Amino acid sequence: MILDKINHTNDIKNLDKEDLPKLSEEIRQFLIESLSKTGGHLASNLGVVELTMALHLTFDLPKDQIIWDVGHQSYTHKLLTGRREGFATLRQYGGMSGFPKTAESDCDCFNTGHSSTSISAGLGMAAARDLKGESHKVISVIGDGALTGGMAFEALNNASKLETNFIIVLNDNDMSISPNVGGLSQYLGGIRTAAAYQDLKNGVMESLYKIPVYGERIVQKIRRTKSGIKQLLIPGMLFEDMGILYLGPVDGHDIEKMTAMFQKASRVSGPVLVHVLTQKGRGYEPAVRHPARFHGTEPFDIETGLAKQKKKKAAYTDIFSTVMRKLGDRDEKVVAVTAAMETGTGLKRFHNMFPDRFFDVGIAEGHAVTFAAGLAAGGQKPVFAVYSSFLQRAYDQILHDVCLQNLPVVFAVDRAGIVGSDGETHQGLFDLSFLMTIPNITLMAPKNKWELSDMIKFAVGCGRPAAIRYPRGEAFDGLMQYRAPVEYAKSEMLFEAGSVVLLAYGSMVKTALDVRERLEQSGIGCAIVNMRFAKPLDTQMLSHAAKSYRLAVTMEENVKTGGLGEAVAVYLHTVGADIGLLHIAVQDTFLPHGNVEVLKRQAGLDAESITAKIMGWLQNKEAKADTAMPDQ
């Protein structure tokens, strides 16, 4: 196998030109076989095999620096930098990350995980290079979906001022996770189809570059001209009008053409964008037909493309999907907003049923929030469905455009808590803390699937900003007998007994049931309160707990700082409550990738760890009480 010859960085440069097509085939087959066992981002990586090979053939890693926007398309890059054996542990605890990691290889120069960041990072690295008087190349690889993010345009605007080489590779596959939307997608589509303009422009530029001494000067002169030849050849070219040389489009599966284009881009004294056309899922027909489903996949059967393990229960996302469809039937003012995550957030059914009330704004979370605020100001009832880790990209808009005006926008915060294999950049451990700081917002979390349904209905009708956080994966269907109506700022007492009360929030109610059972096996009675609301707190319930129990244990799948536990502690301290308090939350750290249950044990959020902390607290209190007793 040709792939067997790739064991270290730059080994690809030792191959014969005739071996490269075979290598691309072997890489695709390796990725399909490996990810069928581990799961991972398949479609995006199959699409950039030749693109990655051309980059590695052209540039000298790790001296030259490649920044992969989002980073979930970096698997071929990892193969070409000697990390093939790591794929057996891909996205597993202690194993290889599914994203670039500087701690993993010196060829990963910048950690990525969220979209639209690579041009900003690359521009900063190019500026740092120039300050040090170095001459290596900096290349930012960004997808057309990520280019819809406002941060990418801010960086493009800034990049136009650069007078030294900086290469932007636009990987255009007409997809983000779902098909792209909006004016930029249409614009790039126009470029893809305007082959005559591009062929003419590229031919002229090639001829000019061949002129000794003066060729490059003439090209630069044309670039700076706001009219005349440039406008005649390439009318309306967005990037060149911004001061960024545009090269392409080039076939993203033709290594020879891309290598020549990258070499040309390397000679430019300024920012240059190379437009590369690729096919998401290339080489595996199920991924070509269903690129969204194979964006991030669980282990699957190669022959059929079907998941090896069927979900037995509905996920929280499925419950949200069903409730939104029903709400859409009942109230024509209910509208749905997504930031390029129609399928992932469960809004596809709503879109199919109510296309005029569904809005996909592209990868632009900040815009999505203010857009939703505008909808609310116009009398609609917007629900913005978004992953927790992506909502943090829109903090200012939540504060300034929604909550400051007290507009009734509902945030359906999916993937809240520990999400697992995608790791640090995707763990939903911060939304509760950063939302707690904002006035006017109502924060809720359901204990099970029925409560999620009730909370969505409550939030849509409450007439104020509201966020509901719920975890990834199967929806808990226990405690169905406990379904008290959702009332503003009211918690729910599930069990009342003993000297310990568990104040559990959202997903931690299920864990609290296990903790209660373990404590009772040790002869310790235990109460459970389903907190429901983190903001406002149910102070009446907290006052009752302070009078009735020795120890209160707050339980949340969120970082400790700024979360539910701290809010409870502040209240109890303010009223002078005489009760012990334990905070169960993630400490001040970023959790790595891995199995969710493994990560919960590491973070001390599993029932065994929580029980041990409670038992330790009680035993410590007993020991202190015995020490304080006078001798008989």
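Is lysine 447 buried or exposed? I looked it up, keeping in mind that this is a predicted model. Lysine 447 comes out at 2% relative accessibility, so I put it down as buried, the cut-off being under 20%.

Next I checked its partner. Lysine 447 meets glutamate 492 in a salt bridge, 3.0 Å from N to O. The two sit 45 residues apart: lysine 447 is in the loop between β10 and α20, while glutamate 492 belongs to strand β12. Glutamate 492 is buried as well, at 6% relative accessibility.

Then I wanted the total. I noted 27 salt bridges in the structure.

Another entry: aspartate 331 and lysine 381. Their side chains form a salt bridge at 2.6 Å, N to O. This one also links distant parts of the chain, with aspartate 331 in the loop between α14 and β6 and lysine 381 in strand β8, 50 residues apart. Aspartate 331 is buried at 19%, whereas lysine 381 is partly exposed at 28%.

Last pair: arginine 83 and glutamate 104. Their closest N and O atoms are 2.8 Å apart, and I logged a salt bridge. Both residues lie in the loop between α4 and α5, 21 residues apart. Arginine 83 is buried, with a relative accessible area of 9%; glutamate 104 is partly exposed, with 28%.

Terms used:
Residues are numbered from 1 along each chain as its sequence is written. This is a predicted model: local features need pLDDT of at least 70, side-chain atom pairs count only at pLDDT 80 or more; totals for chains, interfaces and linings use all residues. Side-chain values use heavy atoms; hydrogens and water are left out. A salt bridge is a side-chain nitrogen of Lys or Arg within 4 Å of a carboxyl oxygen of Asp or Glu. Helices (H or I, at least four residues) and strands (E, at least two) are DSSP runs, numbered from the N terminus. Buried means under 20% relative accessible area, exposed over 50%, partly exposed in between (1.4 Å probe, protein chains only).
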